[in-house]
Amino acid sequence: MITANIDINKNKLEEFVRVLLPEYYEILSENTDKDICIDVNETLQLITVKTSVIIGGKTVKETELSYEKIGYDYFDQAEVMAKTSLLKLSGKEKEYKWGGLIGVRPTKIAGRFLNMGLSYEKIEEILKNIYFVSNEKIKLLLGIVKRQEKYLDRETIGVYIGVAFCPTKCTYCSFPAYLLKGKYAERYDEYIESLYNETAEIGKFSKEEKLKINTIYIGGGTPSILSAEEIEKLLLTVKENYDLQSLREFTFEAGRIDTLDRKKLEILKKHGVDKISINPQSFNEKTLKLVNRYHNREEFDNVYSIAKEIGLKINMDLILGLPGETTEDILHTLEEVEKYNPENLTIHNLAIKNASKLNKENYRHYIELDYEKIFNKISEVTGSKKLKPYYMYRQKNSFQWGENLGYSLEGEESIYNIEMIEENKTVIGIGAGAITKLIHYNETEKRNSIKRLVNPKDPLVWINELPVRLEEKKQALRKLFEKIDEK
């Protein structure tokens, strides 16, 4: 059993131990003959944590972790130190490059310290001495935070429009991605009209509330599965109903090459879209077939050339660790990337999501990958293209505990990606499966409080519940903005 003399979130402690200290996991159970005791002593200036392993009432191992009290606003410092003291007790404080940071958004902790008025030098010291983060990852994290600073504001909001259909369901995908078959095909006309309707209603609402919109992102699913005429109507619905004076970025996720042509791309450009994602994921065609994606190199090159020709900025996504891929396969993909000049490149480590086909089939990647060689190649390619990291997130079930990194040319950062990861301001979600994040800055805790409103994932359930859900969303947004205005 693990005991502490302070209130500590038992679920978070269990997750921390399960992920980083599996050898101690059984000690969480009441049935073990071993105990771990965490004793925290807190003064106005200092927090000291003594952690001991006790067997049969006798202390057999102990360690101590001390650090100055950072400030009143960092109220959970003792809990953080209690957890990382377990790393020190186990001798693993230098084993993990991310130390005790197991969260999805490591940059948010640096942002919180900045809100407290701490310098970058002090934040670096805290990350090293309390969280045991390696110098390599501190440099990466703080470099990204510095690049993001100029894009973070609480005066504007973002809008996300989700299209819930795809031509095929990729085996690794966990997003709302339905096929246009059966009952979904039968009610498709209702679906698309409902999408136009919610988009228009949120636009009118944002005008009434005088909301400043700085990003619009149309994602999915695969929004480019819509016909050229449907895409144009959706974009015209945005133009006619939204105040776009504050808009800095309009992105359309055209990730599936097999759904694109010149006409669709020209419509996007004509109606104000400035960024698109066209996602190879891999440049190995055998891999694409295995994961249920169907396009060839010729199709990709054609779409890329047209997009560049008409002046659309491009993001390309890659995934490391796709089924069947060897180190050489991944290196081949990275070498092929060198033939292109995207403004953005996002590199993901494959994570087996619960809702994905890979998870349902109990897929495991048994091919050993040489990540050192792969990461060196990534550095070489991004360096030659002048692409630098600007946003990051992590996934607990990704291979090798790698972080997912977005790279961009200077000045071409995706503002929406930054907003999504940093959760710094309200983003209104439209469409089946879209999530609205209501974000209010908590002055006491020096961080944002977040409330999520989730649209039903199933398009037919979303259609049926739209009138009620839409009104609830408007009411919640009004309440949030009234609270902000009162401040």
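I count a salt bridge when a side-chain nitrogen of Lys or Arg lies within 4 Å of a carboxyl oxygen of Asp or Glu. The model is predicted, so I take local features only at pLDDT of at least 70 and side-chain atom pairs only at pLDDT 80 or more, while totals for chains, interfaces and linings use all residues. Residues are numbered from 1 along each chain as its sequence is written, and side-chain values use heavy atoms, with hydrogens and water left out.

**Entry 1: salt bridges**

I find 39 salt bridges in the structure. I looked up glutamate 423, which pairs with arginine 105, the closest N and O atoms being 3.5 Å apart. This pair links distant parts of the chain, 318 residues apart: glutamate 423 sits in the loop between helix 16 and strand 13 (427-430), and arginine 105 in the loop between helix 3 (77-90) and helix 4. Helices (H or I, at least four residues) and strands (E, at least two) are DSSP runs, numbered from the N terminus.

For burial I use relative accessible area with a 1.4 Å probe and protein chains only: buried is under 20%, exposed is over 50%, and partly exposed is in between. Glutamate 423 has 3% and is therefore buried. Arginine 105 has 24%, so I note it as partly exposed.

Glutamate 423 also forms a salt bridge with lysine 437, with the closest N and O atoms 2.8 Å apart. Lysine 437 is in strand 14 (residues 435-442), 14 residues from glutamate 423. Both glutamate 423 and lysine 437 are buried. Through shared partners, salt bridges join Arg105, Lys108, Glu423, Lys437 and Arg452 into one network.

I also noted glutamate 190 with arginine 187, a salt bridge at 2.9 Å, N to O. Glutamate 190 is partly exposed at 39%, and arginine 187 is partly exposed at 23%.

Glutamate 325 belongs to the loop between strand 9 (313-320) and helix 13 (327-337).

I then checked polar contacts, meaning pairs of N or O atoms within 3.5 Å; within protein, one must be able to donate a hydrogen and the other to accept it, and residues adjacent in sequence count only if both atoms are side-chain atoms. The side chain of glutamate 325 makes such a contact with that of asparagine 284, at 3.0 Å. The backbone nitrogen of asparagine 284 is in turn reached by the side chain of serine 282 at 3.0 Å.

Serine 282 is in the loop between strand 8 (275-277) and helix 11 (285-290). Its relative accessibility is 1%, so it counts as buried. I take contact as heavy atoms within 4.5 Å. Not counting residues up to four places away in sequence, serine 282 touches Thr287, Leu288, Leu322, Glu325 and Thr333.

**Entry 2: backbone angles**

Most residues other than glycine have a negative phi, and most peptide bonds are trans. I looked for exceptions. Glutamine 281, in the loop between strand 8 and helix 11, has a positive phi near 65°. Glutamine 281 is buried because its relative accessibility is 7%. Lysine 210 has a positive phi near 55° and lies in the loop between helix 8 (188-208) and strand 6. Its relative accessible area is 71%, so lysine 210 is exposed.

I recorded a cis peptide bond from glycine 220 to glycine 221, with omega near 15°. Glycine 221 is in the loop between strand 6 (213-220) and helix 9 (228-241).

**Entry 3: helix 4 and its cover**

In helix 4 (residues 107-115), I list Thr107, Ile109, Ala110, Arg112 and Phe113 as buried. The elements covering them include helix 5 (120-129), helix 6 (135-148) and strand 11 (388-394). Glycine 117 follows helix 4 with a positive phi near 90°.

Strand 11 is largely enclosed by the rest of the structure, because five of its seven residues are buried.
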